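User: Hi! Could you walk me through this structure? I'd like to chat about the fold, the core and any holes inside.
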Amino acid sequence: MSPAPSLAEAPLGTRPAALILSGGAALGAWQGGVLWAFDARHGIPFGQVLGTSAGSINGAAYLQGSTALLKELWRDVPRGDFLDLSPRLVPPSLLSLDSVAGYLSGVISEERCRASKRCWFYAVAVDIAGGGTVQAQYSPEPGGPWDGPLLEHILGSIAVPFVFPPRRLAANGGPARVFVDGHVTSFVDLAPILDRGALDLVFVSVIGARRAGTPRFGPRGFISTLINQLMRAQVDNSLAAVAHRVASGGVRVFEFAPLEPLDMSVFLFKKEECRRAFDQGAADAALFVGDPGRWRIR
């Protein structure tokens, strides 16, 4: 009998693996290409998927078993739904979240997600009324937690302050919860993922470590720099909270980011840019699958 591969040599997909998907608005097109290629081209299974902001949309498509939807979404992005100008002062915001809800309700089905039983899914938002990160859980197991409604948690996860209005979720017999984008606290709780047996954590971030630390000037540059730093902090803070468990439990951590910077508008959802980013993500994924050790950070 041949010996089992060492920890460094074990192929990705042979150990229980979890995906942690960052946000990034239109930058999520690159991540969508990566996730589509992981599934459609390379057949890498992920038993748990956690998504923040745009990552929650991509993760829900995976949960539903509809990674073809990722190709449809990002290569033919519904710009009118994602860029529906509706300025308001209270709360201050520029775009309508209702138009996004209308689109997503037509492509993400809670019933199909329940029926797929594909993976554990976690949608990350921030509750500005109750305080702190909310990590809604959706289980593939009979009787497991299903912190529905799924679509409302996704909409809360993508509600970037000052861009989209907060998403209000009524509570049965209690105060309403008011959700904003999950990157506001720059933290996700990896403990439930580790508790459920994940041994490989794959962060799919739309920016790399070097890019995150490079300040840029001008309005567009300021927004880009702020987003980059929030995403960098999410990876660092989340791993710091479980550092001992990762080190002592034989857990591998990978952080995969675009091989070339995504030179695109974050909130304009331009079809040509999103299509190019999706295709770049699909191509980059092949390089990651071929040599994941290159992106191992723990």
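Analyst: Happy to; we can go from the overall fold to the core, the cavities and a few backbone details. One thing to keep in mind is that this is a predicted model.

User: Great. How many helices and strands does the protein have?
Analyst: The secondary structure comes to 12 helices and 10 strands. The protein has 298 residues and a radius of gyration of 18 Å, close to the 19 Å from the globule rule, so it is as compact as a globular protein of that length. Along the principal axes, its C-alpha atoms fill a box of roughly 65 × 45 × 35 Å.

User: And what percentage of the residues is buried?
Analyst: Buried residues make up 54% of the 298. As for contacts with a separation of 6 or more, 73% of them are between residues 24 or more positions apart.

User: Let's go inside. Which residues touch the most other members of the largest nonpolar core?
Analyst: Those are Leu 19, Phe 38, Phe 46, Trp 74 and Leu 104, in a core of 72 residues. Helix H1, residues 28-41, gives the most to this core, with 7 residues. Apart from it lies another core of 19 residues, including Trp 120, Leu 194, Leu 201 and Leu 239.

User: What is Leu 19 in contact with, leaving aside its neighbours within four places in sequence?
Analyst: Leu 19 is in contact with Leu 35, Phe 38, Phe 46, Gln 48, Val 49, Leu 50, Val 202 and Val 204. Two of those names, Phe 38 and Phe 46, also came up in the list of core residues that touch the most other members.

User: Now the holes. How many cavities of 30 Å³ or more are there?
Analyst: The count comes to 2.

User: What lines the largest cavity?
Analyst: Its lining includes Ala 25, Ser 53, Trp 74, Phe 82, Phe 164, Phe 267 and Phe 269. By type, the lining residues divide into 11 nonpolar, 1 polar and no charged.

User: And the lining of the second largest cavity?
Analyst: That one is lined by Ile 57, Ala 61, Leu 69, Leu 70, Leu 73, Leu 104, Val 107 and Ile 108. Helices H2 (54-64), H3 (67-75) and H5 (97-107) each supply at least two of the lining residues, and the largest share, 3 residues, comes from H3.

User: Is Phe 269 buried or exposed?
Analyst: Phe 269 is buried, with a relative accessible area of 5%. Its phi is also positive, about 50°, and Phe 269 sits in the loop between strand E10 (252-256) and helix H12 (271-290).

User: Where is the cis bond to Pro 91?
Analyst: The peptide bond from Val 90 to Pro 91 is cis, with omega near -10°, and Pro 91 is in the loop between strands E3 (85-89) and E4 (92-95). A cis peptide bond also joins Gly 148 and Pro 149, with omega about 0°. Pro 149 lies in the loop between E6 and helix H7 (150-157).

Methods. Residues numbered from 1 in each chain as written. Predicted model: local features only at pLDDT ≥ 70, side-chain atom pairs only at ≥ 80, totals over all residues. Heavy atoms only, no water. 1 Å grid on protein atoms, 1.4 Å probe; cavity = no way out; pocket = protein on both sides within 12 Å on 5 of 7 lines; lining within 4 Å. Points joined across faces, edges and corners; volume = space filled by probe spheres on them. Nonpolar A, V, L, I, M, F, W, Y, C, P; charged D, E, K, R; others polar. Helix = DSSP H or I, 4+ residues; strand = E, 2+ residues; numbered from the N terminus. Core = buried A, V, L, I, M, F, W, Y, C linked by side-chain atoms within 4.5 Å. Buried < 20%, exposed > 50% of the residue type's maximum accessible area, 1.4 Å probe, protein only. Contact = heavy atoms within 4.5 Å. Rg over C-alpha atoms; globule rule 2.2 N^0.38 Å.
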